[in-house]
Amino acid sequence: MNCKTALTIVSMFVLSYTHAQQTNAPKFGKGLFNLTGKDSTWSMNMSARMQFLATAEWDSNKEGLYNPSSSMLVRRARLKFKGFAFSPKLKYKLEIGMSNNDISGASEHTGNAPRYILDAVLKWNFHQNFELWFGQTKLPGNRERIISSADMQLVDRSLLNKRFNIDRDMGMQLRHHFNLSDKFVVREALAISQGEGRNITVGNLGGHQYTAHLEFLPFGLFEGNGDYKGGDLKREKTPKLAIGMSYDFNNNAVKTRSNQGSYMVNDEGYYETNISTFFVDAMFKYKGFSFMGEYAYRDAEDPIAKNSDGTPTGDVVQVGSALNLQSGYLFDKNWEVSGRYTNVSLDKNIVGKGVENQYTLGLSKYIVGHKLKVQTDVSYLDIPTETNHFMYRLQVDIHL
């Protein structure tokens, strides 16, 4: 981080402290300060959060564990700003990442600059239940990815998300919801985006990306937006269910995982192919019990990248499918035990990778909900044709 950036951040914190003394400062977990213009034409809430992660890993075989390794790092460190401008119908969100993981990935495609910006988006409620979003933010893909990294049930997301998610992109989204009955809610979303991922400065290299999402909540809304948070911290008094499905089409994609992964470079510049990704997911919560399931499938028109003469470049689209099943129960004093099973089945004939099965057992202590928590989990990765892997993680999460 350069000096100018550091001074800017320090100045922002000083400003936040000054205004917090002059206004009613929010309680813990609700932001560093809330500001509203004197004429009520704008507002801002600023918050900060950090995740500290320790990991120990071993290779595994029938004889035991070997090749140990360990690491400790600031997994995430972020500043978040949100509010409205001119009218409560025009909202905004800005999220900036400052950890090495957040800003990594600098390349010629990002102007050789760190990728500080996670979200920078305007949300305009232009008519009744319709909202138009413009900017860079998460696409309406799989549920696990849309759940904030601050609200996860386990230390991190699953292998399904790692291999198949469509993450963030720059573009427009149209969102709408309506009621089929007093309780039954339907949500819809359509997105048109650049198709290259976040913080890209070189423009559109292939075609555009199109995403459609449909979601059903037959028993009504979850308390506190719990359908997009891990665990049943609200202890839903009646059963709540959300079922979603998404379809994503990236026209002439140039990356190995739609708008994610590595660029497929050939002798003419970039190899292009149409990539389709399909998601089905569900979330259920009732009296401290929670269950989340997801299925993902990706296909490509021609998944093997080629040069102009038809010879393979060595890059391939990560085609295949994955299943993720995750559940947990929240005990008294906000201790939660959770478990997860993930199966990833990439097309071995194309990708060259065998089936992966990962089993994870987690324990969480929610001190102030997701705003202050300690989480730990152990995972065993079973790969039939390769070395198996054992992993232990411990993470502390604080959100001011």
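Are Glu 95 and Arg 49 buried or exposed? Both Glu 95 and Arg 49 are buried, where buried means under 20% relative accessible area, exposed over 50%, and partly exposed in between (1.4 Å probe, protein chains only).

1. Basis of the note. The model is predicted, so local features need pLDDT of at least 70 and side-chain atom pairs count only at pLDDT 80 or more, while totals for chains, interfaces and linings use all residues. Residues are numbered from 1 along each chain as its sequence is written, and side-chain values use heavy atoms, with hydrogens and water left out.

2. Glu 95 and Arg 49. A salt bridge (a side-chain nitrogen of Lys or Arg within 4 Å of a carboxyl oxygen of Asp or Glu) joins the side chains of Glu 95 and Arg 49, at 3.9 Å from N to O. Because Glu 95 belongs to strand β4 (residues 87-97) and Arg 49 to strand β2 (residues 43-61), the pair ties together parts that are 46 residues apart in sequence. Strands (E, at least two residues) and helices (H or I, at least four) are DSSP runs, numbered from the N terminus.

3. Arg 168 and Asp 119. These two residues also form a salt bridge, with the closest N and O atoms 3.0 Å apart. Arg 168 is in strand β7 (residues 168-179) and Asp 119 in strand β5 (residues 117-127), so parts 49 residues apart in sequence are tied together. Arg 168 and Asp 119 are both buried.

4. Arg 187 and Glu 215. The side chains of Arg 187 and Glu 215 meet in a salt bridge of 3.7 Å, N to O. Arg 187 in strand β8 (residues 185-193) and Glu 215 in strand β9 (residues 209-217) are 28 residues apart. Arg 187 is partly exposed, at 22% relative accessible area, whereas Glu 215 is buried, at 2%.

5. Network. Through shared partners, salt bridges join Arg 49, Arg 78, Lys 93, Glu 95, Asp 102, Asp 119 and Arg 168 into one network. The whole structure holds 18 salt bridges.

6. Asn 266. This residue lies in strand β13 (residues 265-266) and is buried, with a relative accessible area of 11%. The C-alpha atoms of Asn 266 and Asp 315 are separated by 9.3 Å, although the two are 49 residues apart along the chain.
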